Amino acid sequence: APTHNDPLRGNKGQVYEGGIRVPFVMRWLGRLPEGKVYDEPVCSIDVFPTAAALAGAKVPSDRKIDGVNLMPYLLGEKPGAPHERLFWRTGGGAAWAVSEGRYKLLKMTETGPELYDLQADIGEAKNIASEKPDVARRLLKAHDDWNAELVPPIFESLQGGQQKKKQSKAKGKAIQ
């Protein structure tokens, strides 16, 4: 399949690693070291604050900006990871994920959230939620707190719409 991303599970539009992990390349001759690989997770939300900082512009102060300026990290001026956690949601919020260090909690189906140790299981094959309930609870709370700050989704993916249609038919109220 054109969106297959072995050894990662899932594909485009999903919150498994195969759907969210993509190459991110930056080049700035004479400023960024050539050929350097930066292993900490970054996200598209970082493009705006990074570009604003490079242009000398201020980011709005009247709202929370989730992204960070990546330059201090890429230049080695700031140690550690740019984000304590990263979050995703899709399908009108039906599918979501939160990643923190080696752990990632996600919900893709009607079943409970799934927890994976990405250092030991990059293919997200073994759900360890029952083995690490404290980690699952902490990440679920982080997700719920983050999600409460967001505006409701203004669109649904096809997958999310199909799930709602099935649920409504099961209740005897088909939505067309």
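Biologist: Which residues in helix 2 (residues 47-55) are buried?

Modeller: Bear in mind that this is a predicted model, where local features need pLDDT of at least 70 and side-chain atom pairs 80 or more, while totals for chains, interfaces and linings use all residues. Residues are numbered from 1 along each chain as its sequence is written, and side-chain values use heavy atoms, leaving out hydrogens and water. Helices (H or I, at least four residues) and strands (E, at least two) are DSSP runs numbered from the N terminus. With buried meaning under 20% relative accessible area (1.4 Å probe, protein chains only), helix 2 has Pro 49, Thr 50 and Ala 52.

Biologist: Why do those three sit on the same side of helix 2?

Modeller: Take the directions from the helix axis to the C-beta atoms. Pro 49, Thr 50 and Ala 52 lie on the same side because their arc covers only 165 degrees.

Biologist: What do the buried residues of helix 2 pack against?

Modeller: Contact here is heavy atoms within 4.5 Å. The partner of helix 2's buried residues is helix 3 (71-74).

Biologist: In the sheet, which are the edge strands?

Modeller: Four strands run in the order 1-2-3-4, antiparallel, in an open sheet. Pairing takes at least two DSSP bridges. Two strands pair on one side only: strand 1 (86-90) and strand 4 (114-117).

Biologist: And how many residues of strand 3 are buried?

Modeller: Strand 3 (residues 103-107) has four antiparallel bridges to strand 4, with Lys 104 opposite Tyr 116. Strand 2 (residues 95-100) pairs with strand 3 over five bridges, and Trp 96 faces Lys 107. Strand 3 is mostly covered, its buried count out of five being four.

Key: Buried < 20%, exposed > 50% of the residue type's maximum accessible area, 1.4 Å probe, protein only.
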